[in-house]
Amino acid sequence: MFQTYINAFKIKEIRKKMLITLLLIVVYRLGSFIPIPGVNTELLKSAVASYDILGFLDLLTGSSFSQFTIFAMGISPYINASIILQLLTIAIPSLERMSKEEDGKAKIEKITRYTGIALAMIQSVGIFIGLGGQYLVDTSFLTYATIGICATAGTAFLMWLGERITENGVGNGVSMLIFASIVSRVPKTFISLGQQL
């Protein structure tokens with residue numbers, strides 16, 4: 001297995017793609033440490049431990065949600081938008097016709113991006129409205145706007161990163177970002193297992 005990686009690294013084009021993918025994943029992980037202001041992260045971490053759905057969201061974002069960084073929403077709004085558009089393509093004949101055309105696929109991809117950005121805004125603000133104001137420093141409109149704008153910008157950046165990985169790197173960019181998020185939790189899991197033993 002290691003010989004396969006060594007042989008792949010000897011080919012210049014594959015080596016370049018692997019290094020680009022690694023660099024973009026490092027950029028993603030560095031962004032996972034930039035906090036969004038206005039959130040009481042200590043209380044949020046306890047809520048993530050209490051609610052399974054929040055724990056799952058934290059898993060998909062590589063602990064960015066519990067620390068509420070700019071990548072707190074992760075790439076999941078884009079994935080949800082993609083699923084919604086695929087279902088609507090089956091239900092709406094004009095979208096089905098558009099999906100079969102060459103330039104129609106590009107239009108549907110553009111609609112998917114915008115829908116993903118809208119879902120990120122709704123999700124980021126909706127989570128704190130649903131949880132109540134106790135997880136925020138204050139419950140002013142400015143705090144909600146800051147959270148919504150920062151989390152939405154983070155999701156938009158992740159969509160861009162995923163596209164760059166798909167175009168210039170190795171594999172599907174969105175899948176690589178999800179993989180990097182889940183793998184980033186492995187060291188914490190081993191540390192907690194070691195402490196329990």
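Phe68 counts as buried, because its relative accessibility is 0%. Buried stands for under 20% relative accessible area, exposed for over 50%, and partly exposed for values in between (1.4 Å probe, protein chains only). This is a predicted model, in which local features need pLDDT of at least 70 and side-chain atom pairs count only at pLDDT 80 or more, while totals for chains, interfaces and linings use all residues. Residues are numbered from 1 along each chain as its sequence is written, and side-chain values use heavy atoms, with hydrogens and water left out.

Phe68 sits in the loop between H5 and helix H6 (76-91). Helices here are DSSP runs (H or I, at least four residues), as strands are (E, at least two), and the numbering starts at the N terminus. The phi of Phe68 is near 45°, a positive value in a residue other than glycine. Ser63, in the loop between H4 and H5, also has a positive phi, of about 70°, although it is not a glycine. Most residues other than glycine have a negative phi. Ser63 is counted as buried because its relative accessibility is 5%.

Ser64 is buried, with a relative accessible area of 0%. Leaving out residues up to four places away in sequence, Ser64 touches Ser32, Asp58, Thr69, Phe71 and Ala72; contact means heavy atoms within 4.5 Å.

### The cores

In soluble globular proteins, nonpolar side chains tend to be buried together. A nonpolar core is here a set of buried Ala, Val, Leu, Ile, Met, Phe, Trp, Tyr and Cys residues joined through side-chain atoms within 4.5 Å. The largest one has 20 residues, and Val39, Leu44, Phe65, Phe68, Met73, Phe128 and Ile147 are those that touch the most other members. Two or more residues of this core come from each of H3, H4, helix H8 (102-131) and helix H9 (141-168). H8 gives the most, with 4 residues.

What does Ile147 touch, not counting residues up to four places away in sequence? Its contacts are Ile36, Pro37, Val39, Phe68, Ser124, Phe128 and Leu136. A second, separate core has 13 residues, among them Phe71, Ile75, Tyr78 and Val174.

### H3 and H4

Two packed helices are described by the angle between their axes and the distance between the axes. The axes of helix H3 (residues 41-50) and helix H4 (residues 52-60) cross at roughly 110° and come within 5 Å. Axes are lines fitted to C-alpha atoms, for helices over the stretch in contact, and angles run from 0 to 180 degrees between N-to-C directions.

H3 contributes Ala47, Val48 and Ser50 to the contact, and H4 contributes Asp52, Leu54, Gly55 and Asp58. These residues divide into 3 nonpolar, 2 polar and 2 charged. Ala, Val, Leu, Ile, Met, Phe, Trp, Tyr, Cys and Pro count as nonpolar, Asp, Glu, Lys and Arg as charged, and the others, Gly among them, as polar.

Leu57 is also found in H4 and is buried, with a relative accessible area of 14%. Apart from its neighbours within four places in sequence, Leu57 is in contact with Phe65, Ser76 and Ile127. Leu57 and Ser76 are 19 residues apart in sequence, and their C-alpha atoms are 8.6 Å apart.

### Salt bridges

The whole structure has 4 salt bridges. The term stands for a side-chain nitrogen of Lys or Arg within 4 Å of a carboxyl oxygen of Asp or Glu. The table lists some of them.

| Pair | N to O distance |
|---|---|
| Asp58 and Arg185 | 3.3 Å |
| Lys100 and Glu96 | 3.9 Å |
| Glu167 and Arg164 | 3.0 Å |

Asp58 lies in H4 and Arg185 in the loop between helix H10 (173-183) and helix H11 (186-196), so the pair ties together parts that are 127 residues apart in sequence. Asp58 is buried at 5% relative accessibility, whereas Arg185 is partly exposed at 23%.

Lys100 and Glu96 are 4 residues apart in helix H7 (residues 93-100), which means that about one helical turn separates them. Lys100 is exposed at 66% relative accessibility, and Glu96 is partly exposed at 34%.

Glu167 and Arg164 both lie in H9, 3 residues apart, about one turn of the helix. Arg164 counts as buried at 18% relative accessibility.
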